[in-house]
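Dear colleague,

Please find below the structure that I am handing over to you, with its sequence. My notes on helix packing and charged side-chain pairs follow it.

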Amino acid sequence: MKRGDTASHIAVANRPAGVSLDRMLTALQRANPNAFIGGNVNRLKAGVTLTMPTEEQIAAVSREEAKQAMQMQNRDFDEFRRRLAGLAPQAPTSAQSQPQKKLEAKVDKPAQPGSRLELSRGSVATVPGGSERAMAEQLARQAERAARLAEEIKALSKAPAPAASKPASAASPPRRP
């Protein structure tokens with residue numbers, strides 16, 4: 001697994017045919033209760049080893065139960081992101097910001113039910129002067145990223161909704177010069 005992989009990517013890559021993403025995520029969370037920060041499937045811990053749920057464990061989750069659980073967890077995660085964005089310092093101007101690389105998960109062979117998946121913790125660069133300095137620099141980078149994300153969310157929420165197009169029968173015919 002690579003840094004940036006999400007429970008959703010893992011669930012999609014390993015769910016049996018005919019199983020909804022919500023059911024797979026709920027079963028994955030139940031099979032790995034300590035793998036998620038605050039018990040939220042959107043906050044997968046780095047470095048954990050996941051056990052894929054069996055077909056019986058997946059079948060034990062009803063569609064409605066999974067839908068409600070995921071809606072509640074998504075609301076909780078959105079609230080977490082809003083609180084985090086509120087703690088972030090002012091975002092740098094766009095001239096100062098640098099583009100972020102996109103991380104993608106690639107699964108060559110889906111895991112079998114009951115198999116285990118180990119996530120790496122990632123790496124932290126060593127900085128001369130001690131780990132406190134490295135942690136402070138990492139925290140500053142994360143705060144900057146959170147601020148940029150908060151600004152993007154704010155900009156997207158202010159964007160006007162797309163105008164509804166007229167039905168073809170109500171549209172006027174094109175004018176000829």
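With which residue does Asp78 form a salt bridge? The partner is Arg81, and the closest N and O atoms of the two side chains are 2.8 Å apart. A salt bridge here is a side-chain nitrogen of Lys or Arg within 4 Å of a carboxyl oxygen of Asp or Glu.

Before going further, please note that this is a predicted model, in which local features need pLDDT of at least 70 and side-chain atom pairs count only at pLDDT 80 or more, whereas totals for chains, interfaces and linings use all residues. Residues are numbered from 1 along each chain as its sequence is written, and side-chain values use heavy atoms, with hydrogens and water left out.

Asp78 and Arg81 are 3 residues apart in helix H4, so about one helical turn separates them. Helices are DSSP runs of H or I with at least four residues, numbered from the N terminus. Asp78 is partly exposed, with a relative accessible area of 30%, and Arg81 is likewise partly exposed, at 40%. In these terms, buried means under 20% relative accessible area, exposed over 50%, and partly exposed in between, with a 1.4 Å probe and protein chains only.

The structure holds 3 salt bridges. Another of them joins Arg82 to Glu79, with an N to O distance of 3.5 Å. Both residues belong to helix H4 and lie 3 residues apart, about one turn of the helix. Arg82 counts as exposed at 52% relative accessibility, while Glu79 is partly exposed at 35%.

A further salt bridge pairs Arg30 with Glu65, whose closest N and O atoms are 2.4 Å apart. Arg30 lies in helix H2 and Glu65 in helix H4, so this pair ties together parts that are 35 residues apart in sequence. Arg30 is partly exposed, with a relative accessible area of 46%, and Glu65 is partly exposed at 30%.

As for helix H4 itself, the element covers residues 63-87, which makes 25 residues. From first C-alpha to last, H4 reaches 36 Å, close to the 36 Å expected at 1.5 Å a residue; the expected span is 1.5 Å times one less than the number of residues. The buried residues of H4 are Ala66, Ala69, Met70, Gln73 and Phe77. These buried residues pack against helix H2 (21-31), where contact means heavy atoms within 4.5 Å.

With kind regards

Terms used. Helices (H or I, at least four residues) and strands (E, at least two) are DSSP runs, numbered from the N terminus.
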